Amino acid sequence: MENSLVNHETELNLKATELRLGLPGCDEVNKLQCNFSILRSNKRSSSEISTEVDSMSKSKLNTSNGSEITSHDDQDNAPPSKAQIVGWPPIRSYRKNNLQQKKGESEVGMYVKVSMAGAPYLRKIDLKFYKSYSELLKVLENMFKCTFGEYSEREGYNGSEFVPTYEDKDGDWMLIGDVPWEMFMSSCKRLRIMKGSEAKGLGCF
Amino acid sequence: MDHSFPQKVLEHLFSFIDSNKDRNAISLVSKSWYEIERRSRKKIFIGNCYAVSPTTVIKRFPELRSITLKGKPHFADFNLVPDGWGGYVYTWIEAMAVSVPLLEEIRLKRMVVTDESLELIAKSFKNFKVLVLISCEGFSTDGLEAIASNCRNLKELNLQESEVEDLSGDWLCYFPDSYTSLVSLNISCLNNEVNLSALEALLGRCPNLQTLCLNHAVPLDKLPSLLSQCPQLVELGTGVYSTEEMHPDVLSSLITAFSGCKQLKSLSGFWNVLPSYLPALYPICSRLTSLNLSYAIIQSSDIVKLIGQCPNLLRLWVLDYIEDVGLEAVAASCKDLQELRVFPSDPSCLELNNALTERGLVSVFKGCPKLQSVLYFCRQMSNAALSAIAQIRPNLTRFRLCILEPHTPDYLTLQPLDSGFGAIVEHCKDLQRLSLSGLLTDRVFEYIGTHAKKLEMLSVAFAGDSDLGLHYVLSGCENLRKLEIRDCPFGDEALLANAAKLETMRSLWMSSCSVSYGACKLLGQKMPKLNVEVIDESGPPDSRPDSCPVEKLYIYRSIAGPRLDMPGFVWTMGDDSSRKLELDVAGVEAQFRNL
């Protein structure tokens, strides 16, 4: 079983290599690229595809549908880290910025640190995983074994031992729950669970 | 010798002619027709703001009431045009403020609009009625305050997809209580909250309001009260379409509100959808002709439930969450569909998504006889599917296909997609706009040059093998107006051989191709009616050999000559000033050598 898998992998690898040497014209472009030192490699989009496709073709090897083999340029100019092609796919930045990622499907998470008064170390959570305050607060309550009590616009989390707060883009510490969820998502830099006594000032603004 | 009708009669006749194309044709008939036409022209469309100077336009058309201007090249939408390239509207506003005080309408696309420009508009045009800023930038809510305070007769304020510095939501309060003429308001691009009570009051006192597009900061529970102020709405863009938790009373008030909007035909918005609120739309679905769900992250089943009740849909924009199965449902329910756009939900994801494939696209074409305009993002395509589409739907006029991974071949045969696109251009004789993707050789361009005789706009990326490709297009496509190319091995030969063609087009964009600096210079020198702009952020092209390719090239015809507002990374070829720059650079280089 294992042997055939290994052979399968080598075959596909060869196929991938074959196509990579492929198209006339692509090599020419690369030759031109190599000629000038001034041009930074991330300005020459065609060379950047290679790293992306490389990692993709590796994952393809494990799927039955290995047919999406693309040809790509010589990898000499490929930057070491994963690079994105500028302006591709052709989607307006307005649209890209406004599209929220579906739960769990995004490759780039929105991880923020969570600290708690008295806890020896911090935690990190991916905000993109949650769609509302109630979801987020439940998770925090579980993670830190505390309760926040009822939120009200007037009095915050009055009466509870712990209060969830966050640091926003301006560096201010805010009470979680005051602003609409998306506004919170876009401005939250990190979270902190304060003791009720610590947080006395926050609900009063 | 003048056998024509008296001037008054001609004037009267011309007043029935609205289309710019027709008016342009009229102006070419004779000198007297040119004169009569120009004095009565009320609307002008300028597809490239640098093609002509404001003074020339105003001199020729003294009775202008409406102007449409486009600035940056289309690829600016995808961040290919560096910031600061140009497209400033101020000089136009300045000129018109002085000479066209009766101006009523300004429509701009991809231009830089400052608060100063908005303030100048607000105080210069007493009868100002329409301000449309599509994909513009450079202004803030301060500029909007000036418009709101001063434009007593404003009918339309549309900021679609513009980048606005949102300083305060109170700009809406600057519409005075006496202001009641609003017909169309689109503020969907604003990031922060607008003053909702001011908005509600505004809606309540404007009985002619037909279009309202809110931004995502407007909470869903406020929507019913807003709608109750304007039940006569024809087009609505919702704000966020969810609440933290589902509230049955919000749902019921939404149902009531929507049912009250008897004229509502077009819906958009739907940021952050909670599917349990979608049933609120069911009462109005049968009237809908346009539905934009392209920001809605909802499953295929929810989409299908909704669309299944929209038999009169003409236009549908969705995300690829719709999947093939959803598109089959569209094909079954929306028999009048004319336009379909399917956007990718996760463009950076490289995983092959088997739920939305070419099969969905083919099924919509099969089921919708009037489908003429398509934008489709997907991850796999085949020549067979494209040929099928070409034969099923020869009335296709706009076809933009974006296969997400560049150079992707036919997934069934591993061949280039040349023959598929070839079939499209061969059968769809009225094709006006085409965007290519996937693995393509020079062949596809041969097909395009041979068959695409009505093609006006072509977008090409990561395609072709040699100059022959570009040559086929430039020499074959008789009606080509706009050509935009990125990352293709096209170079000097085809460009120089077809230089004359470029004067018949609005513009040509080429980036990451192989056009040398020397060829650009030559083109600039030989073709005085073209502005040949070299855009290069890595430094003056003069400091490198003439044989080096330029980073980006933008060529457009112009009767205004080279523009005067270029940033440091743009050079116009063949221009005296660029020659002066050459001398300056040479002088500086000489100095360095002597150090």
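**View 1. Arg563(B) lies over the face of Trp85(B) in this predicted model.** The distance from the ring centre of Trp85(B) is 4.3 Å. Arg563(B) also lies over the face of Tyr50(B). There the distance from the ring centre is 4.5 Å. Both rings belong to a cluster linked by ring pairs.

**View 2. Phe445(B) and Phe490(B) form an aromatic pair.** A search of the whole structure finds 27 aromatic pairs over all chains. In the pair of Phe445(B) and Phe490(B), the ring centres are 5.5 Å apart. The planes of these two rings stand at 80°, over the 60 degrees that count as edge-to-face, so the pair is edge-to-face. Phe445(B) sits in helix H16 (residues 442–451) of chain B. Phe490(B) is in the loop between strand E19 (482–486) and helix H18 (492–497) of chain B. The pair links distant parts of the chain, 45 residues apart. Phe445(B) is buried, and Phe490(B) is buried too.

**View 3. The peptide bond from Trp88(A) to Pro89(A) is cis.** Its omega is near -5°. Most peptide bonds are trans. Pro89(A) is found in a loop of chain A.

**View 4. Asn79(B) has a positive phi.** The value is near 60°, in a residue other than glycine. Most residues other than glycine have a negative phi. Asn79(B) is placed in the loop between strand E2 (66–70) and helix H5 (90–99) of chain B. Its relative accessible area is 47%, so Asn79(B) is partly exposed.

**View 5. Ser135(B) has a positive phi as well.** Phi is about 50°, although Ser135(B) is not a glycine. Ser135(B) lies in the loop between strand E4 (130–134) and strand E5 (137–140) of chain B. Relative accessibility is 14% here, under the 20% limit, so Ser135(B) counts as buried.

**View 6. Five strands of chain A form an open sheet.** The strand order is E2-E1-E5-E3-E4, with mixed pairing. Strand E2 (123–126) and strand E4 (173–175) of chain A stand at the edges. Each of these two has a single partner strand, so one side of each is left without a neighbour in the sheet. Neighbouring strands of this sheet are turned by 30° against each other on average, direction ignored.

**View 7. Strand E1 (residues 111–116) of chain A pairs with E2(A).** Strands of a sheet pair through backbone hydrogen bonds, either parallel or antiparallel. E1(A) and E2(A) run antiparallel. Four bridges join them. Tyr111(A) stands opposite Asp126(A) in E2(A).

**View 8. Helix H5 (residues 133–144) of chain A lies across strands of chain A.** It lies across E1, E2, strand E3 (162–168) and strand E5 (188–195). Helix H5 of chain A runs at about 155° to E2(A).

**View 9. Chain B holds 21 helices and 23 strands.** Its C-alpha trace spans about 80 × 70 × 65 Å along the principal axes. The radius of gyration of chain B is 26 Å. A compact globule of 595 residues would have one near 25 Å, so the value for chain B agrees. Of the 595 residues of chain B, 60% count as buried. Among contacts in chain B with a separation of 6 or more, 71% come from residues 24 or more positions apart.

Key. Residues numbered from 1 in each chain as written. Chains lettered and ligands numbered in written order. Predicted model: local features only at pLDDT ≥ 70, side-chain atom pairs only at ≥ 80, totals over all residues. Heavy atoms only, no water. Buried < 20%, exposed > 50% of the residue type's maximum accessible area, 1.4 Å probe, protein only. Phe/Tyr/Trp six-rings, centres within 6.5 Å; stacked < 30°, edge-to-face > 60°. Lys NZ or Arg CZ within 6 Å of the ring centre and 35° of its normal. Pairing = 2+ DSSP bridges. Axes fitted to C-alpha atoms, helices over the stretch in contact; angles between N-to-C directions. Contact = heavy atoms within 4.5 Å. Rg over C-alpha atoms; globule rule 2.2 N^0.38 Å.
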